[in-house]
Amino acid sequence: PAALEEVPLPAGMFGDMDGVLLKAREDNPKMKAYLADIKAARGDKELAQSTYHPRINLEVGPNYSDRSGRGNQYESSFDIMATMRWNIFNSGADKAEVEAAYNFMDDLSQQISDTWTRYRASIETRKYYAEAIVYNTQTRDAYLDQFNLGQRSLLDVLDAENELFNSSTQHATASGNVI
């Protein structure tokens with residue numbers, strides 16, 4: 001882990017979650033696709049809400065027939081017909097469809113909030129592992145000196161070396177999480 005180099009982060013790292021959310025809305029291609037989905041969902045919502053109202057059809061037109069009744073009777077008429085259909089209940093499906101149209105933005109905000117929290121926690125964790133590396137190095141060096149004087153066993157030195165290795169590995173993992 002000591003041979004790993006820091007990866008340079010982009011300039012202008014975000015100071016808070018709102019900045020991340022704003023940038024995600026503006027530049028992220030996946031977010032642009034999701035915003036297009038939201039626009040489509042709004043259209044779907046309007047379409048779903050259209051079922052809240054009755055559908056009225058009006059049919060108007062002439063009718064002519066030379067075969068009505070017996071003989072050669074001609075009949076012509078001008079008909080107007082109106083129909084109204086309205087499914088008032090529809091098992092609640094319309095309401096559920098309208099609510100589902102806006103669930104996406106809530107999910108996205110939740111994901112960004114979770115990611116931001118993990119990012120901030122990784123920064124703190126990395127700091128503590130860096131401190132642990134310093135302390136474990138001091139402990140290992142002290143145990144090695146005591147081993148050379150005959151006051152510590154080889155097992156103590158190896159345990160201290162193992163603790164240092166584990167702290168270094170966890171620090172590298174935390175650094176990767178931050179990046």
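## Basis and overall architecture

Helices (H or I, at least four residues) and strands (E, at least two) are taken as DSSP runs, numbered from the N terminus. The model is predicted, and local features need pLDDT of at least 70, side-chain atom pairs count only at pLDDT 80 or more, while totals for chains, interfaces and linings use all residues. Residues are numbered from 1 along each chain as its sequence is written, and side-chain values use heavy atoms, with hydrogens and water left out.

The chain contains 5 helices and 2 strands, arranged from the N terminus in the order α-α-β-β-α-α-α. Of its 179 residues, 16% are buried, where buried denotes under 20% relative accessible area, exposed over 50% and partly exposed in between (1.4 Å probe, protein chains only). The chain exposes about 13,800 Å², and carbon and sulfur atoms supply 54% of this area; accessible areas come from the Shrake-Rupley method with a 1.4 Å probe, and for residues only the protein chains shown count as cover. Among the contacts (heavy atoms within 4.5 Å) with a separation of 6 or more, 64% are between residues 24 or more positions apart.

## The strand pair

Strand 1 covers residues 55–65 and pairs with strand 2 in the antiparallel sense over 11 bridges; two strands are said to pair if DSSP finds at least two bridges between them. Within this arrangement, Ser65 stands opposite Glu75 of strand 2, and Glu59 stands opposite Met81 of strand 2.

Strand 2 has 11 residues, of which 0 are buried, so this strand lies largely in the open. Strand 1 also lies largely in the open, because the number buried among its 11 residues is 1.

Met84 belongs to strand 2, which spans residues 75–85, and is exposed at a relative accessible area of 55%. Together with Ile56, Trp86 and Ile88, Met84 makes a nonpolar surface patch of about 470 Å². Patches consist of residues with over 30% relative accessible area and no salt bridge, with like charges joined within 9 Å and nonpolar side chains (Val, Leu, Ile, Met, Phe, Trp, Tyr) within 5 Å. A salt bridge is a side-chain nitrogen of Lys or Arg within 4 Å of a carboxyl oxygen of Asp or Glu.

Asn57 is located in strand 1 and counts as partly exposed, with a relative accessibility of 32%. The C-alpha atoms of Asn57 and Met84 are 6.4 Å apart in space, although the two residues are 27 residues apart in sequence. When neighbours within four places in sequence are set aside, Asn57 is in contact with Met81, Ala82 and Thr83.

Helix 4 runs over residues 103–149 and includes Asn136. With a relative accessibility of 16%, Asn136 counts as buried. Beyond its neighbours within four places in sequence, Asn136 is in contact with Glu163, Leu164 and Ser167.

The structure holds 1 aromatic pair. In this pair the ring centres of Trp116 and Tyr119 are 5.4 Å apart and the planes lie at 45°, so the pair is tilted. Rings of Phe, Tyr and Trp (its six-membered ring) pair if their centres lie within 6.5 Å, with planes under 30 degrees apart counted as stacked, over 60 as edge-to-face and the rest as tilted. Trp116 and Tyr119 are 3 residues apart in helix 4, which means a separation of about one helical turn. Both Trp116 and Tyr119 are buried.
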